[in-house]
There are 2 protein chains.
Amino acid sequence: MTTPPPTSASTFAINERNRVRRLPARGNYDRDTIYPIVDESLICHVGFVQDDQPIVIPTIHARIGDTIYFHGAPASRLLKLAADGAKVCVTCTLLDGLVLARSAFHSSMNYRSAVLFGVGRLVTDYDEQWAVMKAITEHVAKGRWDEVRYATEKEAQSTKFVAVEIESASAKIRTGPPKDDEEDYALPIWAGVLPLALTPSAPIADPLLTSGIAVPASVSQYRR
Amino acid sequence: MTTPPPTSASTFAINERNRVRRLPARGNYDRDTIYPIVDESLICHVGFVQDDQPIVIPTIHARIGDTIYFHGAPASRLLKLAADGAKVCVTCTLLDGLVLARSAFHSSMNYRSAVLFGVGRLVTDYDEQWAVMKAITEHVAKGRWDEVRYATEKEAQSTKFVAVEIESASAKIRTGPPKDDEEDYALPIWAGVLPLALTPSAPIADPLLTSGIAVPASVSQYRR
């Protein structure tokens, strides 16, 4: 494992890169706030630059300590550039609800987002690759690692693994009811929050599933 | 309105910027495929570059024809740069389910994503600003525009509106059950899809809501 151990400082330094500019009261720089957002987000959106062009790609991730990992096919543009040490921005966003104010102007969204900065590093060590496969499988569905057929060495070799040590990060969070202008509270307009969550419905068995295999707890009791 | 009319070509040209490299069979360049993903996505992730650093920010958007709009406070770094004509990448992602294969290697996600490219333009025309306010309100909750107190001219003036004409775009979609290796189908491992959707729960009225105001249909029958 070449992953550095988690650092002891619990808060990221505020600088020009991670400072929350708009509504700074919603900003937060603590690992204890940022990392649960990263871990609850099923996917992230990774930004990188190619020939002056920003590109944003959704991908599955997993966090181990202060490191974010991705994996995928070697043909991926993101993985190629990140493996070469490109600067990336990893953003995780959880939508918690619509904030329906009496005015269009104060209507908003309840959300928790985390924005992380770092540079890519190709993961070549097989032990670290193994830890990433486990972390990503468990990130997507807790308990699934103990159920699946593990990757073969050949499969691992045909996969590109990339690590991003988190150098800087911030979170931004909005919760609670709408905030309307004082004079608008008298208007006969419904206001409140419509909660939203990424919710599972009934699992659909593979049509080719051998009969008699029960849905495991990792699926039947799925929650993030 | 300075928005250009929708172009007649229904398909974006494939070039180095929008070409789907990984699993090209999942790629699509048709407006009829791309725009419904943009419209169903409650938020998007916008990537831009500041001092060689990629930055990805989640924001509410709305589409009118071949143009994507954002709005927010003038202090927003994204809006400042986009208003100055910065290159942006707008990515919309819908998660449709976990694809739980028998092997870790073939486990995946069902999703629909759209990646759009263009440059920012500050919207100064009040008619266009008004159309954006309506489009964004309706994008978040269809029917809400007829219920809210409209923005005053002062509120519009304290908001920055940015347009991005979509120059290039692609979609990427995965659907259906897992695809396992032939020899893995005999393994005693459950496989299938766990459908996921961003789902509303019961609306929470603002604690300061005047009594006797019913929940409107835009909220009680909310769906995307």
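## Chain A: contacts and overall build

In chain A, 74% of the contacts between residues at least 6 apart in sequence join residues at least 24 apart. The model is predicted.

Chain A contains five helices and 11 strands. Its C-alpha trace spans about 65 × 50 × 35 Å along the principal axes. Of the 224 residues in chain A, 43% are buried.

Strand β2 of chain B covers residues 43–50. Six of its eight residues are buried, so β2(B) is largely enclosed by the rest of the structure. The cut-off behind that count: a residue is buried if 20 or more other C-beta atoms lie within 10 Å of its own.

## Pairing with β3

β2(B) pairs with strand β3 of chain B, residues 53–60. The two strands run antiparallel and are joined by eight bridges. One bridge can be named: Val46(B) has Ile57(B) in β3(B) as its partner.

β2(B) and β3(B) form a hairpin with two residues between the strands. In this hairpin, Asp51(B) takes a positive phi near 50°.

## Pairing with β6

Which strand is joined to β2(B) by three bridges? That strand is β6 of chain B, residues 87–100. β2(B) and β6(B) run antiparallel. His45(B) has Thr91(B) in β6(B) as its bridge partner.

Conventions: Residues are numbered from 1 along each chain as its sequence is written. Chains are lettered from A and ligands numbered from 1 in the order in which they are written. This is a predicted model: local features need pLDDT of at least 70, side-chain atom pairs count only at pLDDT 80 or more; totals for chains, interfaces and linings use all residues. Helices (H or I, at least four residues) and strands (E, at least two) are DSSP runs, numbered from the N terminus. A residue is buried if 20 or more other C-beta atoms lie within 10 Å of its own, exposed if 12 or fewer, and partly exposed in between; C-beta atoms are placed from the backbone. Two residues are in contact if their C-beta atoms, placed from the backbone, lie within 7 Å. Two strands pair if DSSP finds at least two bridges between them.
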